[in-house]
Amino acid sequence: MSTDQERPAPRRAATPEERGRAAEQTRERILRAAVEEFGAKGYAGARTAGIAARAGVNQQLISYHFGGKQGLLDELRRRWHEEQPVLLPPGSTFGESLVAYLDATLDRPDWARLVIWRALGDDPGDSSEAAGRQRAGLREAVDAIRRRQADGELTAAVQPEFIALISHVLTFAPVAMPQFVAGILDVEPCSEDYREWVGEQLTALLRPV
């Protein structure tokens, strides 16, 4: 056998486009792993080493792409807030909006746990700006319900603040208190049965007389 036949072919260098795609895929793996780690342990309990292990990457890549654990959390929250308007297209009924919110939350329980951990005070750094955005979003939700009441879509016999609160409680209950949901309703907490039940009961409760 000749020397030329034994020598392996030279390895082709990756193009800038290929390197860009590979970097983006790495970022997405890290973000998926971060959701799992933060959801399971909260921000305080999560470790970048654990996130790297879940993602199957070198721990240094977390600092390279996101600047560390705080940068990961900031990016995840930014994406969560960006997705909210997409879930509720203009013209959606209250029932359609509720179903969309239930699906978005219960299809991704790790994301929901991020919200719950934050509500329990697991929120690093100065969160006054983030808290202000959250309060503003909740006020907008209450105002939207008030408009639905004025339009006759929902009963005016119940305060809009109560409707907003009970909608959020029922949405997050399967993640925050799965044993209560299973024990009371005898269904899988995040199941389609639960989602249908919530939609039916709230629609019946809030239907104008």
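This is a predicted model: local features need pLDDT of at least 70, side-chain atom pairs count only at pLDDT 80 or more; totals for chains, interfaces and linings use all residues.
# Values against cut-offs in an all-helix model

Visitor: Why does Asp143 count as partly exposed?
Guide: Asp143 has 35% relative accessibility. Buried means under 20% and exposed means over 50%.

Visitor: What makes Asp143 and Arg146 a salt bridge?
Guide: Their side chains meet at 2.9 Å, N to O. The cut-off is within 4 Å, so the pair qualifies. Arg146 is also partly exposed, at 37% relative accessible area.

Visitor: How are Asp143 and Arg146 placed in helix H8?
Guide: They are three residues apart in H8, residues 128-150, and therefore separated by about one helical turn.

Visitor: Why is the contact between Glu36 and Arg54 called a salt bridge?
Guide: The closest N and O atoms are 3.4 Å apart. That is within 4 Å, so the name holds. This pair links distant parts of the chain. Glu36 sits in helix H2, residues 16-45, and Arg54 in helix H3, residues 48-55. They are 18 residues apart.

Visitor: Are Glu36 and Arg54 buried, exposed or in between?
Guide: Glu36 has a relative accessible area of 34%, and Arg54 has 41%. Both values lie between 20% and 50%, so both residues are partly exposed.

Visitor: What makes Arg195 and Asp107 a salt bridge?
Guide: Their closest N and O atoms are 2.9 Å apart, and the limit is 4 Å. Arg195 lies in helix H11, residues 192-206. Asp107 lies in the loop between helix H6 and helix H7. The two are 88 residues apart in sequence, so the pair ties together separate parts of the chain.

Visitor: How many salt bridges does the structure hold?
Guide: It holds 13. Some join into a network, which links Glu28, Glu75, Arg78 and Arg79.

Visitor: How do you know that the length of H6 agrees with its residue count?
Guide: H6 has 13 residues. The expected span is 1.5 Å times one less than that number. This gives 18 Å, and the end C-alpha atoms are 18 Å apart, so the two agree. Among the buried residues of H6 are Phe94, Leu98, Tyr101 and Leu102.

Visitor: Why can Met177 belong to a nonpolar surface patch?
Guide: Patch residues need over 30% relative accessible area. Met177 has 35%, so it passes that test. Met177 lies in the loop between helix H9 and helix H10. Together with Phe180 and Ile184, Met177 makes a patch of about 320 Å².

Visitor: Where does UniProt place the feature "DNA-binding region"?
Guide: The unreviewed entry puts it at residues 47-66. Over that stretch the chain is 75% helix and 0% strand. The end C-alpha atoms are 14 Å apart.

Visitor: How much of the protein counts as buried?
Guide: Of the 209 residues, 35% do. The accessible surface comes to about 12900 Å². Carbon and sulfur atoms own 55% of that surface.

Terms used:
Residues are numbered from 1 along each chain as its sequence is written. Side-chain values use heavy atoms; hydrogens and water are left out. Helices (H or I, at least four residues) and strands (E, at least two) are DSSP runs, numbered from the N terminus. Buried means under 20% relative accessible area, exposed over 50%, partly exposed in between (1.4 Å probe, protein chains only). UniProt positions are given in the numbering used here, feature names are shortened, and annotations may be inferred rather than shown by experiment. Patches are made of residues with over 30% relative accessible area and no salt bridge: like charges are joined within 9 Å, nonpolar side chains (Val, Leu, Ile, Met, Phe, Trp, Tyr) within 5 Å. Accessible areas come from the Shrake-Rupley method with a 1.4 Å probe; for residues, only the protein chains shown count as cover.
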